[in-house]
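Please open the model in a viewer and keep the selection panel at hand.

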Amino acid sequence: MRGAAAFRAALRAAKRRVSPEELDGVRAALRAVARAPPGDEVLPPRVCAQLRSTYGLLGAAGRLGFLSLLVEDMRVDDDAVARHAAALDAARARASAAPLLRAHAALRDALVPPYERVLQMVVRQEEGTRFLLALRTELLGAIDASGEAEETADELARWRALDASVRRLLLSAFEPNNLQLVRARWESAAALLERIMSYERVHSYSGWDDLKRRLEGERMVYTFVHPSMPHEPLVFVHVALARRVPCALAEVLPPLGASEAGEEPEGSHAGGEARSSVAVFYSISSPHHGLRGVSLGGLLIKQVVATLREAAPHLTTYVTLSPVPGFGRWLQARLALEARADRSFGGDFVAPLEQRALTAFRAAASKEGVSLDAPFAEDAPLPPGLRESLLRLCAVYLVHAKKRQSALDPVAAFHLRNGAILAALHWEANPSPKGRRESAGIMVNYLYELSQIEPNHSAYVANGYVATTAVVQTLLADDIPSKL
């Protein structure tokens, strides 16, 4: 309810704070684009540039007002649709193909909202793709803030229809043939490198020296860019080559001081590339909110694998070292659910295994003096006595915790949907404050077994099946070993 009220209040505020002159200017710019004749190669660039300029001068409220004008003033004309539908019915009564085909075409045209024609024209012009990406970021922000209240259902439906149109245009703009795979290097454009540092959220950069060591030797960064935005990383992945599958972040990204002293991370070898047989994807970032629902990450991994296979045929294993960002929140929620006296303990849990794992964790936490209110401390490692129960709980979370057949953990959902295998879980693999807060420092290997990617993807999409190794299956077995 609060979200719906905030949405309506924001719309009202937008209309109050945008002057009539500004609204008139926006309307004029939109109409100029909408009326540009097809095939004209002079007028559209000029009017589209004017539209982008007008939008760029607006504040937050003005941009919301701009979107509101698209939704309210440039939606489908229902009366026109009804007329063309009646014309189609009349044409069907005639035994002639030509009138029927013309009626089909006229009805199709009437069903396309004018704002879609405007945005199609804009995206074809210089800077149009960047403009559309920024526009969808604003649009999704407004929709996300709106909530799901009944009183805004009709309004939200119109905004979501606009978002569907914008998303279709972005899918077309960012189709594989329009993307360029770029390996970022120390000599690359400063604008590209600065954005990679700024956008990285998984393992944040500490500065230019940190960037330099992630780009040289057997570490690298690959990104997709669009020809119209050559210095804008749309999605990027950090890769390290190693001699074995890593069990801890320090094996692929050691403390900066060690790198500065000329030491190589354990498991890699700068001087003899042939000694490295494993490619490790240790961070993938998709920084643009406006690209939500435009899946580029899986395509990036596939193209990077293809590039590495060609350049370094000695590589035999492609694996990630991934965080588990949702585990801590999930565990807290499950502990709270278990503690509710008015619930049957087993009825709300995915399997008896989860119940037993929670019981074991409670017992271990009590023995170690760890508070269940905040079990994951940022400034100190957890006692070893919690290792077995937490690894088992994390495996349960990754394999069984679902939302509409998709893994609840966003990183797991990404890799499993791309056909990866949940290969191993590692204790204290990321001892950073963020790593401990999110997942008690646990990290995961997802294995990209090239011959199994397609069947794994199909099984996951069809029924949520999670491919696992024997190591993970042991964690999920009825009898957990005394040492993992």
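A residue counts as buried when its relative accessible area is under 20%, as exposed when it is over 50%, and as partly exposed in between, with a 1.4 Å probe and protein chains only. The model is predicted, so local features need pLDDT of at least 70 and side-chain atom pairs count only at pLDDT 80 or more, whereas totals for chains, interfaces and linings use all residues. Residues are numbered from 1 along each chain as its sequence is written, and side-chain values use heavy atoms, with hydrogens and water left out.

Helices are DSSP runs of H or I with at least four residues, strands are runs of E with at least two, and both are numbered from the N terminus.

**First selection: helix H14**

Select residues 327–339, which form helix H14. Its 13 residues reach 18 Å from the first C-alpha to the last, close to the 18 Å expected at 1.5 Å a residue; the expected span is 1.5 Å times one less than the number of residues. Buried residues in H14 are Phe327, Gly328, Trp330, Leu331, Arg334, Leu335, Leu337 and Glu338. Their cover includes helix H15 (352–368), helix H16 (387–400) and helix H18 (433–439), where contact means heavy atoms within 4.5 Å.

**Second selection: salt bridges**

A salt bridge requires a side-chain nitrogen of Lys or Arg within 4 Å of a carboxyl oxygen of Asp or Glu. By this rule, the count is 13.

Begin with Glu354 and Arg334, whose side chains meet in a salt bridge at 2.8 Å, N to O. Glu354 lies in H15 and Arg334 in H14, so the pair ties together parts 20 residues apart in sequence. Glu354 is buried, at 1% relative accessible area, and Arg334 is buried at 15%.

Next, select Arg292 and Asp144, which form a salt bridge at 3.0 Å, N to O. Arg292 sits in the loop between strand S4 (278–285) and helix H13 (297–311), Asp144 in helix H8, and the two are 148 residues apart. Arg292 is partly exposed at 37%, as is Asp144 at 43%.

Then display Glu127, Arg130, Arg195 and Glu232, which a network of salt bridges links.

Select H7 (residues 114–123) and H8 (residues 128–144). How do Leu119, Val122 and Val123 in H7 meet H8, and which residues are there? These three are in contact with Gly128, Thr129, Phe131, Leu132 and Leu135.

Terms used. Axes are lines fitted to C-alpha atoms, for helices over the stretch in contact, and angles run from 0 to 180 degrees between N-to-C directions.
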